[in-house]
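Hi everyone, thanks for coming.

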Amino acid sequence: MSEMITLTIDGKELKAKEGETVLNVARANGIFIPAICYLTRCSPTLACRLCLVESGGKQIYACNAKVKDGMEVTTTTENIEKERRAIMEVYDVNHPLQCGVCDQSGDCELQNYTLYQKVDSQSYAIRDVNRPREHWGVMNYDPGLCIVCEKCVTVCKDMIGSNALSTVKRDSEAIQGKFKESMPKDAYSMWNKLNKSLIGFEEDKCVDCGECISVCPVGALVSHDFQYKSNSWELTKIPAANAHSSDCALIYYEVKHESIVNHNVQKIYRVTNEHHYASLNGAARFGYDFENRVEGKDKIAFDKAIEAFKKADTIKFNSFITNEEALILQKLKEKFGYKLVNNDALLYKKFLDAYSSVSGKSLYSADLKDIHNSNFVISVGAYLKSDSPNTKYAFNNSVVMNKGAGLYFHPMGDPVMEQCGKRGKTTEFIYHNPMAEESVLYFILDRFASNLPQNMQTILDSYKETRVKSVSEMIKEKVVEIVKDEETGEEKEVTKMVPKKVTKEVEYEYTRLLDEINADATLLDTINDMKDKKDSYSLILGEDLISHPNSSNLAKLAAMIEKYTEFKVIIIPTSTNTLGVSLICDLDEVEGSYSVGYNVKADFQISALGDGDLDMPALNQQEGTFTNIDKRIVPTNAALPYKGYVLNDIANVLLEGEVEHTIEYTKALPTSKGYQAVEFDSLTNYFANDWSEHRGYILDTFDVESSEENFSKENQTFQLNEGQITIYKANPINQFNEFTAIAHEFKDDLQSGMFANETLLTELGISAGDKVVLSTNGTEIEVNVYSDNQVSGKIAYVSTFEKELNTKALFTGYRFTSANVKKV
């Protein structure tokens, strides 16, 4: 941990961590230093140069300069003010005077700083050139408005890890020589760069997260869907949480009336975020209008729902519900003996219980900030870019910003993930066969653990010996032999494939662990190099492990890694509130004879999708809380009104209660599971200037009974018969569930079916646009075929977000299976 030092800024004595930037320390202590190009969590670009300050008689850049003990900083002098004024004049050269229609007007940093520096005249001029507007996926780029601050490039590289944006050269006239002599030095340098540059875009690398839109200080990058829809100052910001994935990131629904004619009808126009402190995935930013609009309360449907609940012995539901709704379901179970069926949360609960049985703790140890702050990170069993984009951002941030190292283990080839860091130097991507997750965890345990208990060391040694023996039989290498023809006596070279000798040094050449021998042969050396000078380790575990046939063993191995290595561990909850449901509800494996479904198919359905027997509010129409990946209870607020019945109305009838609002259950969440008896209205929901998070509260972690016995020695293998391919249960980027699928920015170009790269499609003799029948595990489903070159290798993935197309039936639990593919 960095030592604390003392410095002075503008005469104010401050404490700070050694190595922090002057700008971040100033911001954390409420001292203003202007800066357009800097992002708190990213590397400095030195593009705007407005953050000039003085220290030790020299001018330095606050975004780049590190604080030192005894340092004295002055944030403004006469010369600095001249520089800043000149810089703002340069930014205003030829900048289009279209603030009246610009989407950023009112939130524009160029406007703000122009006024702040009191720019009321123009000293510089240059002939402008035409810079045509461009349409890039979910956004529009106007280079005429662009000030090339490089925030978009920086956030894409340092935070998102996609590298889809870069600075490129543009045609322009040279700046007149007289300006170099008369202008302040930094203002001229900034203008010279601005005059020669634009932002370039690579579509194949983009994941449509929209974070570049969020960080753009002007109107150069704007949501294609939002442009010219509203002035920013007309919108009401409603703080909430991302309802689509377990990061539950802080978002703002920006709302106003639909039109002058429909003045009483509220509409969400966009979602924004605090980009200095947390990033959003594309589903959170663009999949916002999934509300269920109903005209009023349908009393007949409500009465039928009450009768269905009285008749039912099972409630089936998914994890796209609040903690308060989960508690209502649990209370109904306790009174009426319902079976509560939620397979997603049940698998997670079992994994967490097995993990706790060895770790001795009720919860895993890490959160996303731990990953951001680590300098050695490993991901196992998580298809990060789609499963949990914010965890992918943390992985990338760890490698790029902390000069760290990362290992990514997964069967699916992923060119997008490979943009994180520098492959072969700071990152390594090991694409192993399905079912090898157990080998990966044993591998990590053996390479990083110290002082293992004897029983665990015995199991590990036994596992290694089994693998080495099998590897010697499975791995073959080319050997050239000289063979003499018995009839002619002529000698000739013959190439044979013979079993490769496996020495102790290369015992990790498991074919189940790695696909290519060449990559495997250097893996140990690569890891040793990566470990050099690293002191903060994090391990990411994903859904592939949770759904694995031997998941209990994997959970225990993960706990052993946490106990006997330096790794902190995070177990990604598989849906928005999977962790909350797994803690609050006593879940069952098998449903009964008559079921009520909440947002899932059942004999009687209550649904926020508008497709049930009784309507329910969607999560953007509810107040409540989620339990997110950081083990934090975060509040969310209703962006839009809801006029129908809610689950609390049903509970009031069945439980004979008089609970007016669902959020009255917030204070009743189970303290035995780590929750606190806190009123909903007492929960905070913001970030402070020092990047500290003030959102709700963190679950209490407590000790549980633990044991290190009962490790399974099963050898799971993945079978792929002739004519079959491997398919994977996963969704395209930004599609998480049935609710993202009905959001208007996604539904117009909805892609649901089988996805593969062009090479694999060609091998299968099919093309994008075809229909195929997938058959496996006694199930046949016809699906559409799509091309996705953001994956590589010989595995196709099959989407599951479409409720009516029950593709989940193709899988028996584990996310990989073998399937026959037949073109229709």
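This is a predicted model: local features need pLDDT of at least 70, side-chain atom pairs count only at pLDDT 80 or more; totals for chains, interfaces and linings use all residues.

**Starting from one serine**

Residues are numbered from 1 along each chain as its sequence is written, and side-chain values use heavy atoms, with hydrogens and water left out.

When I say helix, I mean a DSSP run of H or I with at least four residues, and a strand is a run of E with at least two; both are numbered from the N terminus. Is Ser551 buried or exposed? Its relative accessible area is 16%, so Ser551 is buried. The cut-offs are these: buried means under 20% relative accessible area, exposed means over 50%, and partly exposed is in between, with a 1.4 Å probe and protein chains only.

Which residues does Ser551 touch, if we leave aside neighbours within four places in sequence? They are Phe351, Leu545 and Ile546. Contact here means heavy atoms within 4.5 Å. For a sense of distance, Ser551 and Lys15 are 536 residues apart along the chain, and their C-alpha atoms are separated by 47 Å.

**The helix around it, and another helix**

Now let's look at the rest of α20. This helix covers residues 551-564, and its 14 residues should span 20 Å at 1.5 Å a residue; the end C-alpha atoms are 20 Å apart, which agrees. The expected span is 1.5 Å times one less than the number of residues. Helix α20 is mostly covered, with twelve of its 14 residues buried. Among them are Leu554, Leu557, Met560, Ile561 and Tyr564.

After α14 comes Lys403, which has a positive phi, near 50°.

**Some residues in loops**

Speaking of positive phi, here are two further examples. Glu150 is not a glycine, yet its phi is positive, about 70°. You will find Glu150 in the loop between β7 (139-141) and α4 (151-160), and with 11% relative accessibility it counts as buried. Tyr228, also not a glycine, has a positive phi of about 65°. Its loop runs between β10 (221-223) and β11 (236-241), and Tyr228 is partly exposed, with a relative accessible area of 48%.

Next, Gly360, in the loop between α11 (343-359) and α12 (368-373). Gly360 counts as buried, at 9% relative accessibility. Setting aside neighbours within four places in sequence, Gly360 is in contact with Phe702, Asp703, Val704 and Ser706.

Glu589 belongs to the loop between α21 (578-584) and β23 (595-598), and its 58% relative accessibility makes it exposed. How far apart are the C-alpha atoms of Glu589 and Asn343? They are separated by 7.1 Å, although the two residues are 246 residues apart along the chain. Not counting residues up to four places away in sequence, Glu589 touches Leu346 and Lys350.

**Zooming out**

Finally, the whole chain. How many helices and strands does it have? There are 25 helices and 36 strands. The radius of gyration is 29 Å, close to the 28 Å that the globule rule gives for 824 residues, so the chain is as compact as a globular protein of that length. That radius is taken over C-alpha atoms, and the globule rule is 2.2 Å times the number of residues to the power 0.38.

Along the principal axes, the C-alpha atoms fill a box of roughly 90 × 85 × 55 Å. Of the 824 residues, 58% are buried. Take contacts between residues at least 6 apart in sequence: 73% of these join residues at least 24 apart.
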